Structure formats: structure tokens, C-alpha cells
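Keep the sequence and the 3D view open as you read.

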Amino acid sequence: MNRRLLLGAAAAAAPAALAAPALAQANPEVRWRLASAFPRNLDVLYGTGDRIAQRVAQLTDNRFQIRFFAAGEIVPGLQVLDAVQAGTIEAGHTPVYYYTGKDPAFAFFTALPFGLNARQNMAWLTQGGGGELAAELFKDYNIVGFPAGDTGAQMGGWFRSEIKSIDDLKGLKFRVAGLAGEIFRRMGAVPTQIAAADIYPSLERGTLDAVEFVGPHDDEKLGFVRVAKFYYAPGFWEAGAHLHLLVNQAAFESLPPAYKAALEVSCGEANADMLARYDHLNPQALRRLVSAGAQLRFWPRDIMQAAWKEAHALYDEMSAKNERFKKVWTAYRAYRDEEYQWFRVAESSFDNFAFPEAARRG
């Protein structure tokens, strides 16, 4: 055999042999655990985290594998942030307003009563400085956060009895999340926050008089219509409710740049995907719920006006006590008010004509 041919083949093979270990070193195999705040039967909320994990694997040629767990499997639903902060797990998928007990400023990055809707919230987080304010807060808890889904405007909840005036809220035991609980407390209700899996049993036993969760698609799955018939709108405390993928700071910093990018891309896709799913599924579910006996109601005006007043009084009080809350509220309110003015011009004027006209004409 020609010796020069052998030498040439060896020389050609050498770069390939060297490249394989180098490639493996640049793109190592990484194994993470990711916990959801939600049970498996909530296919959109739980499923969005699962889709993020699958997409990350796809974008990294399966070298970055994230094992996904439902609420309660390795971490209770309301302890996801704590587990990520401690490094017990590398990541979690949750609304961060579950943690307003740690710092009320967390509310801004999921939903604030009478705050931004889904589109406005995403604009604030990505374009209006909200993301930088979130990063400041998250850093104190040893985490990095990526916006990762939104429910859109939510419903106002399920009630055993009709709510005709603010007096009907007195003593009402109401499952409600975030700062909305404090607003209802100020209006006379008795709010509580419990995980998704515990809501139905509490309502069925009478431990609760009313519950709110998300909207028709999820509420139908949780079976609320079987034990409470009055279904209220809107969820004025959640004009849009944003979820985040929370990542342990050290775990994130240890990732190669390509894997960090895969996380960011996957979460960006999740934002659009979750909202589209809810916009598609909720109308169908609402029709089924009404057929099953749900009685659709809208909040009396006196309750809406009282809630607006109490919400803004609460924000002023919190600002006086909490410098971070004051900083974020000042920025958020200016952004919200400008967005509201713009949406009144185009979005609201269209909606207020077209939606009733379509209903009238059939």
C-alpha cells in the first residue's frame, strides 16, 4: 500500500479525532431538575413547563436534559422559589406572586390588581425596564428569571352565593392569590392562598365560600361548577398573569452560552404558546360550563370602585414601608398609565363596538 496515502489519511483523520472531544467539552451533557407549581391535570399551566424542557433538549441536540416534575412530586407547589434559591433543584416554573409574603414587589412580575394586561406586561418586561427591575429582585434570592407564559385576563372566581354588593363580601372565605387577597381583606373578605390541588376539596367541604383560579379551561378541569354555580368576571386583579422560569444563579452561570440561549429561546416561545392556547381553549370551555349550570355574573360597580380605591391605597402604604416596592411601583404606574391611554384609543374603541355588535347580530 502507498505509504503516502496512509500518512495522508492519518493526517486527515487527526482534526476529526481532535474535534470530537473539543465539541463534547464545548457542549457537555447537563442534567437538571425542574419543578412546576401546578399538578399534571392542568395541561396548559403544567404543560408549558414540560414544553420548555423538551424544547431545550431539542435545541441542544439532547445534551441539555431537564427532567420535569409536577407540584408535590419533589417540591410542594408553593415552595418552588425556595427550592431553586437553595439549589435543591436547578429550576422551577411558577408565578412569582406566590411569594409576596417574602417581598410584595414580586406581585409586579406576575399580576398587579388593576395592572397591565398580558401584552402590556410583556412589553414592560422586555422593552420598558420591567425585566431589569425583576432581575434586581431575583438576584437577592439567588435566582435568574425568564418570562415563560401568560394566562391572559382571568375570571373573577366561583361563588356559592350571588354577590350583589360589597356587603356580600363580609366574612367571605375566598381563595385568592397575590396582593388581591389583601384588597379583598380590606373590603371585608377572609382571603387565603392554597395550592391548586387543594382548592376543590376545600370548596367542597365548605372550608371556602369562593375560589378563583385562572379561567374556564382550568376551572372546568378542577370541577368548580359542581359545588359553586356563580361564575364572576373579570378577575380585575389579573388582567394578565405572567409565569417565570426561575433558575438557580450558580446553575445558570455554569452553563455554556449556547445552553443559556436555548433556555431563553424556549421561554420566549412559551410566552406566545401559553397565551394562544388559553385564547383558543377558554371560549369552548366557557360554553360547556354554562351548559353545566354555571351562572355568569359580572362584578357590581360598587365592588369594582371600592377595589380600585383600596388597591391604590394599599400601593401607597406599601411604598411608604418598602423602598423596593416604591421604586417598582413608581416605574410600573407610569408605564401602566401610558399604556392605558394608548389602548383606549385603538384597542378599547374597537372592542367596545365590535364585540357587542357581533353578539347583537349573531
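The axes of helix 5 (residues 130–139) and helix 12 (residues 323–361) come within 11 Å and cross at roughly 165°. Axes are lines fitted to C-alpha atoms, for helices over the stretch in contact, and angles run from 0 to 180 degrees between N-to-C directions. Helices (H or I, at least four residues) and strands (E, at least two) are DSSP runs, numbered from the N terminus. This is a predicted model: local features need pLDDT of at least 70, side-chain atom pairs count only at pLDDT 80 or more, and totals for chains, interfaces and linings use all residues. Residues are numbered from 1 along each chain as its sequence is written, and side-chain values use heavy atoms, without hydrogens and water.

**The helix pair**
- Helix 5 and helix 12 are therefore roughly antiparallel (an angle over 145 degrees).
- Leu133, Glu136 and Leu137 of helix 5 make the contact (heavy atoms within 4.5 Å) with Arg324, Lys327, Val328 and Ala331 of helix 12.

- Five strands form an open sheet in the order 2-1-3-10-4, with mixed pairing; two strands pair if DSSP finds at least two bridges between them.
- Strand 2 (64–69) and strand 4 (143–150) stand at the edges with a single partner strand each, so one side of each has no neighbour in the sheet.
- From one strand to the next, the twist averages 25°.
- Strand 1 (residues 30–36) and strand 3 (residues 91–94) run parallel, joined by three bridges.
- Leucine 34 stands opposite alanine 91 in strand 3.

**Helices across the sheet**
- Helix 2 (residues 45–59) runs at about 165° to strand 2.
- Helix 10 (residues 257–291) runs at about 30° to strand 4.

Technical notes. Angles under 35 degrees count as roughly parallel, over 145 as roughly antiparallel, 65 to 115 as roughly perpendicular and the rest as oblique.
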